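Dear colleague,

Please find below the structure that I am handing over to you, followed by an account of what was found in it.

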Amino acid sequence: MTTDASARAIKPELLRTYTEDFNKDRANLIAADAAVSAGVLKAATDYRGVRALPRDFSIELKQGSITNQERSGRCWMFASLNTLRYELMHRWNLEDFEFSETYLFFWDAMEKSNTYLENVLRTLDEPTDSRLFEAINWGPSDDGGWWQMFAALVNKYGLVPKSAYPESENSRNSDDFKQYLNSKLREFAAELRRRSAAGAGEDELRTLKDEYMGTVYRICAVSLGEPPEKFDFFARTKDDAEADADGKAESCKCEDKSDAKACKCDKNKDKTGKDERPQIREIGITPLEFYKKYVPVDVNDFATLANAPLKNRPFNRRYRIRFSANVAEAGDMEFVNVPLDVFKKAALDQLTAGHPIWFACDCTQFALRKDGFFDQSVVRVDQLFGTEFTGDKAHGLEYGDSPSNHAMTFTGVNLDEDGKPNRWKVENSWGKDAGKDGYYVMSDAWFDRYVTELIIRKEYLDDATRALLTTEPVELDPWQPLTRRCR
């Protein structure tokens, strides 16, 4: 390539050509008026694309109230808990339920801090400007995460209802809390490396790390409050149900009884105003006890499927990403990379069977956040700018143009007359004011292009994919695609 500075510059004569070409095309002037006044996305919205994505679905799951992560990067945690609360609500016949996201947020901050310091100890000889150390040091205890991080936290700490550990200002808006926690962790890292260079041994460094974790606990407890060791749980089942001996709610069977007045759930009996729905009560239950008793699924019975069509990530292989754990002893994150047809079939099988799906995608591409659409035919920036956007899924991952940056939950899908999906129902965690009452609609073409990960119950994997879960994984470096999560 030439080193001549004039050859690298934008030439004045070319700028004159650009402006002449722009101004002689009336479409450019109309597009500029619309975009400058309303913004790119509103100016690019195609009403025909909107009409082509109605919000009804042939397969639809009944979920609880929409949740809101607010100004935090906890989407992966909200999506994970939303998949579990669906199972809990329908197992115990509850009208609504929400887990405490803050409870896991506390322990995630603790565990990520510990793992960061452990990774610093593992890389003491690594230069601070190496790609490996830069990846480790990028966000010591940032908000983002994966399903497998969620599973590691649940296995170790259990779950609690939101009433036992509600939101705080620093869970709703986590920037300040995490900024200073990360700053302190990097100070600790620098001191561990300095002590090591001065001759300190592993035992001394690890003792120092344990002392540092006391400071981390104090920062987390001041910001979020201490998490409960035990709590009381109270819930009422739906009106048309009564609880069995184990607390499970069953449908009313008054019509089978000869004495209607003796039936507890008889809708014709006298009303007193007293709430007589069956109750579920627990006094002094631990988070692990609550998870094991009330959540009817095991978080370890899921697998991470990816659809990443990259030449250096061949399909039908298992991969492990180094330095990606949040809980140090739980191990690094893994996924199985599969072709799109296998990927999509697993999603359809699980939804058809009546179970929601955690998924990850790039939520920013061809998306209307306020109106709730994911579709390239709705966001016609190609028409607005007069240029085609032709990058495919491989290009988006290889060049970092469409990484997985948000996790949500599939709660429905619409099948056409041939049984093929043409749109998907998405439960988001941005509150009721985003999308249509908190829900989004995604075209099937957008699914193919931008959805990169699914969390699938192993029972809905085909035999060949299930067999891959026990193969030796290919190790990946931590700066490779599919390693980041953000809000």
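This is a predicted model: local features need pLDDT of at least 70, side-chain atom pairs count only at pLDDT 80 or more; totals for chains, interfaces and linings use all residues.

Residues are numbered from 1 along each chain as its sequence is written, and side-chain values use heavy atoms, with hydrogens and water left out.

Helices here are DSSP runs (H or I, at least four residues), numbered from the N terminus. Helix α3 covers residues 26–38 and spans 18 Å from its first C-alpha to its last, close to the 18 Å expected at 1.5 Å a residue (1.5 Å times one less than the number of residues). At its start, a side-chain oxygen of Asp25 comes to within 3.0 Å of the backbone nitrogen of Ala27.

Helix α6 (residues 75–92) packs against helix α9 (residues 147–157) at an angle of about 65°, with their axes 9 Å apart. Axes are lines fitted to C-alpha atoms over the stretch in contact, and angles run from 0 to 180 degrees between N-to-C directions. The two helices, α6 and α9, are therefore roughly perpendicular (65 to 115 degrees; under 35 is roughly parallel, over 145 roughly antiparallel and the rest oblique).

The axes of α6 and helix α7 (residues 101–122) come within 11 Å and cross at roughly 130°. Helices α6 and α7 are therefore oblique to each other.

Yours sincerely

Conventions. A polar contact is a pair of N or O atoms within 3.5 Å; within protein, one must be able to donate a hydrogen and the other to accept it, and residues adjacent in sequence count only if both atoms are side-chain atoms.
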